[in-house]
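Please keep the sequence and the model in view while reading.

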Amino acid sequence: MSKTTLAATAITAVCLMALTACGGNATGSTATGEPIVVASVNALSGPVTFAEASQAAKAVFDKFNADGGLNGRPIQYEVLDDKSDPAAATGAARDAVGKGAVALVGSASLLDCEVNSKYYQQEGLVSVQGTGVDPYCFTTPNISPVNAGPYLDTQLTLTYGSEELGLKKICGLLEIAGSTRPAYQKAFDSWTKATGKDFAMLDDTVPYGAPDYTPYVVKAKEAGCDAIFSNGVEPDASGVLKAAEAQGMKDMTFLFLTSAYSEQFAQAAGFVGKGVYVPAEFAPYTVDGIAANEDWKALMEKNNIPLTSFGQGGYLAATHFLETLKSIQGDITHETVAAAFKAQTKPSENAMTGTPYLFGGGDSHSSNTAGWPITIRPGSSTWESAADDWVIAK
C-alpha cells in the first residue's frame, strides 16, 4: 500500500471511527442509564509510566457517553494504577473484578499481563490492551493488544537498521523487566535468521531509569559500533542520547522502539548523532497527509492529552471495544463481552495500523505485526517518515 493509498483509505476509516466513537445508538443527549463498568490496569506511577493510553480510552468513552452511550447506558471507566509493582498489579486486577468490570480496555503496564493473565482467564474477563509490554500480553487466551509490542518492534527496527540503513556493527543496550529476556532473545534470533546479522556487542544489564547511561554507551564506543539499539522508554532513550553526546559520538545511529516516539522527545533530543530511527506501531501522527489520525488527534487536543503512541493505543482499544460492544444482543456482562470477542473471525480494518485487529478464540494474540519507519535527522527536532509504506514482520 502506497503512502497515497494509505491516506486515501484513511479518510474512509476516519469517518467509520468517528461513528464508532459516537456509538451508533446515540440518543442525542448524555447517557444517564445504568453504567457499563469497564476498567484498565496501568503504570501511572513508579519507574516507568504510560498515562496516555488510559487517558485516550477515557476520552473515547466520555465522547461516547456524551452522545448517548449504548441505548442510554454510559461507560463507567475505572482507571487503576499498578505502580509497576506486582502486588499492586494483583490488587488492581481484583479491584476491577470487584467493581463489576465487563472487560479491561486500554491497559498499559510493564507487568499487568504477566501478573494477571491467569486471573483474567479464571474470571472469564478479556483485556483489549492499549499497550502490551510483557510477553504474556501476546501469548495468553484472554488478552489481545492493539499494538505490535516491544518484541516485534525490536525485530523491525533491527532489520531496518541492518538491511535498509546498511549498519554493519550494531550494539545493543537492553533493559529487562520481569521475564522479558527470552522474548527479546526470540526477536534477536528472528532478526539474525532473516538477515544473517547479529550484535557486535549486547549488554543486557542496563537498568530501567538509570541515572547515567555513560558506562553503557562507552561500551558501544569501545566496541567500534556504528549504531546503538536500545529498548528504553522515552526518558531512558533521552538518557542514552545525552550520554552519547557527552562522549562525542556524532557518527552513531540510534535504533529505538515506539516507546520513544513523541513530539516532546524529538523537541528535547538536541543530539541525535547520524539519526534516530523508530518503527511506529501506528500511523505516524507527525507525518502530514495521514487522515487516519485526524479524529484521534482532534480528541486528544480537545482533552489536552499529549500526542503519543500510547495514546493511539488507548484510543484504538476503546474504539475496537465499542464496536464489539454494539454487536452484543441482550445482557452486557463480562461473559457476553468475552464471548463476543472470542467469537470474532473477521479482522477489524483500521488505517491507523498496518495490519487489521482481531481478538478471536486463539490461545495467543498478536494481530499487529507492522511498523512504519520514522526518523529524527541530524539538525532536526521533528519526526519524519523514513519510508513510503508499512514494514511487516515476517
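The largest pocket holds about 420 Å³ of space. A pocket here is an open set of points on a 1 Å grid over the protein atoms alone, where a 1.4 Å probe fits and protein lies on both sides within 12 Å along at least five of seven lines; lining residues have an atom within 4 Å of a point. Grid points are joined across faces, edges and corners, and the volume is the space filled by probe spheres set on the points. The lining of this pocket comprises 16 residues, and those closest to the centre are Tyr-151, Leu-152, Gln-155, Lys-186 and Ser-366. The most comes from α6, with four residues. By residue class, the lining has eight nonpolar, six polar and two charged members.

The model is predicted: local features need pLDDT of at least 70, side-chain atom pairs count only at pLDDT 80 or more, and totals for chains, interfaces and linings use all residues. Residues are numbered from 1 along each chain as its sequence is written, and side-chain values use heavy atoms, with hydrogens and water left out.

Which cysteines are joined by disulfides? A search of the whole structure finds two such links, a disulfide being a pair of cysteine sulfur atoms within 2.5 Å. One of them joins Cys-113 to Cys-137, with an S to S distance of 2.1 Å. Its angle about the S-S bond is 95°, and the link is right-handed. This pair connects distant parts of the chain, 24 residues apart: Cys-113 belongs to helix α4 (residues 112-123), while Cys-137 sits in the loop between β4 (127-128) and α5 (150-164). Helices (H or I, at least four residues) and strands (E, at least two) are DSSP runs, numbered from the N terminus. Both Cys-113 and Cys-137 are buried, that is, under 20% relative accessible area with a 1.4 Å probe and protein chains only.

The other disulfide is formed by Cys-171 and Cys-225, whose sulfur atoms are 1.8 Å apart. Because the torsion about the S-S bond of Cys-171 and Cys-225 is about 60°, this disulfide is right-handed. Here too distant parts of the chain are linked, with Cys-171 in strand β5 (residues 170-175) and Cys-225 in the loop between α7 (214-222) and β7 (227-230), 54 residues apart. Cys-171 has 0% relative accessibility and so counts as buried. Cys-225 is buried as well, at a relative accessible area of 10%.

With the bonded cysteines of the chain numbered in sequence order, the pairing reads 1-2, 3-4.

Note on methods:
Buried means under 20% relative accessible area, exposed over 50%, partly exposed in between (1.4 Å probe, protein chains only). Ala, Val, Leu, Ile, Met, Phe, Trp, Tyr, Cys and Pro count as nonpolar, Asp, Glu, Lys and Arg as charged, and the others, Gly among them, as polar.
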